[in-house]
Amino acid sequence: MEKELWRQLIHASGVFIVVLSYFLPPTLLLILCVAIVVFVQLVFRLDHSYNIPFFSTILKHTKRKEDEKGFIYFFIGIIITLYFFQFNMAIANAAILILLFGDSASTLIGKRFGKIKLPFQSHKTFEGSLAFLMVGIMVSLTQLPIIPALVGALAGTLTEAYSPIDDNVPIPLVSAFVMSTVIYIL
């Protein structure tokens with residue numbers, strides 16, 4: 001559980017992207033995210049053969065043996081969300097925050113307290129999904145009014161629970177799309 005806690009703290013540290021969105025234009029933010037992906041992929045590859053100060057220690061304590069691509073998918077989800085929703089950075093930021101904090105909360109709460117399995121999903125729990133929803137609502141409310149925040153968090157929760165692919169890509173995209181739809185319908 002300690003390894004998962006460190007992983008989720010790193011996951012949540014992506015909040016710097018939202019903070020930087022207040023100071024950088026979306027295009028520069030996209031370039032920065034792509035540069036981070038390239039840099040981290042290089043570190044992952046080098047870490048197989050060399051001890052890289054600071055980074056190898058972090059990877060030793062956080063990397064899952066079966067999953068080296070989670071970080072890449074995480075940033076792909078953020079990059080695509082920023083690209084398609086840069087016309088409304090509040091929506092993009094809310095979707096990214098839902099990914100960062102909702103997904104982390106669902107993992108930590110689900111692994112620690114999860115007892116009730118979700119229908120058609122034997123490795124996901126109701127407790128984890130409820131944590132995702134509650135945290136998703138709270139963080140998206142920092143960017144948007146209550147109705148789009150609620151609907152976006154709910155869409156992210158359902159996506160996290162039932163996505164057939166790595167959820168780091170579809171969570172922010174689905175959340176942003178649903179929030180955009182709600183905002184522009186209302």
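**Exercise 1.** Decide whether Glu160 and Lys124 are buried or exposed in this predicted model.

*Solution.* Start from the cut-offs, in which buried means under 20% relative accessible area, exposed over 50%, and partly exposed in between, with a 1.4 Å probe and protein chains only. By this rule Glu160 is buried, and so is Lys124. Residues are numbered from 1 along each chain as its sequence is written. Local features need pLDDT of at least 70, side-chain atom pairs count only at pLDDT 80 or more, totals for chains, interfaces and linings use all residues, and side-chain values use heavy atoms, leaving out hydrogens and water.

**Exercise 2.** Work out which salt bridges involve Lys124, and which parts of the chain they tie together.

*Solution.* Side chains of opposite charge can pair when their charged atoms come close. A salt bridge is counted when a side-chain nitrogen of Lys or Arg lies within 4 Å of a carboxyl oxygen of Asp or Glu. The side chains of Glu160 and Lys124 meet in such a bridge at 2.7 Å, N to O. Because Glu160 lies in helix α8 and Lys124 in strand β2 (residues 121-125), this pair ties together parts that are 36 residues apart in sequence; helices (H or I, at least four residues) and strands (E, at least two) are DSSP runs, numbered from the N terminus.

Next, the side chains of Asp167 and Lys124 meet in a salt bridge at 3.9 Å, N to O. Asp167 lies in the loop between α8 and α9 (170-185), so its pairing with Lys124 in strand β2 ties together parts that are 43 residues apart in sequence. Both Asp167 and Lys124 are buried, and Lys124, Glu160 and Asp167 are linked in a network of salt bridges.
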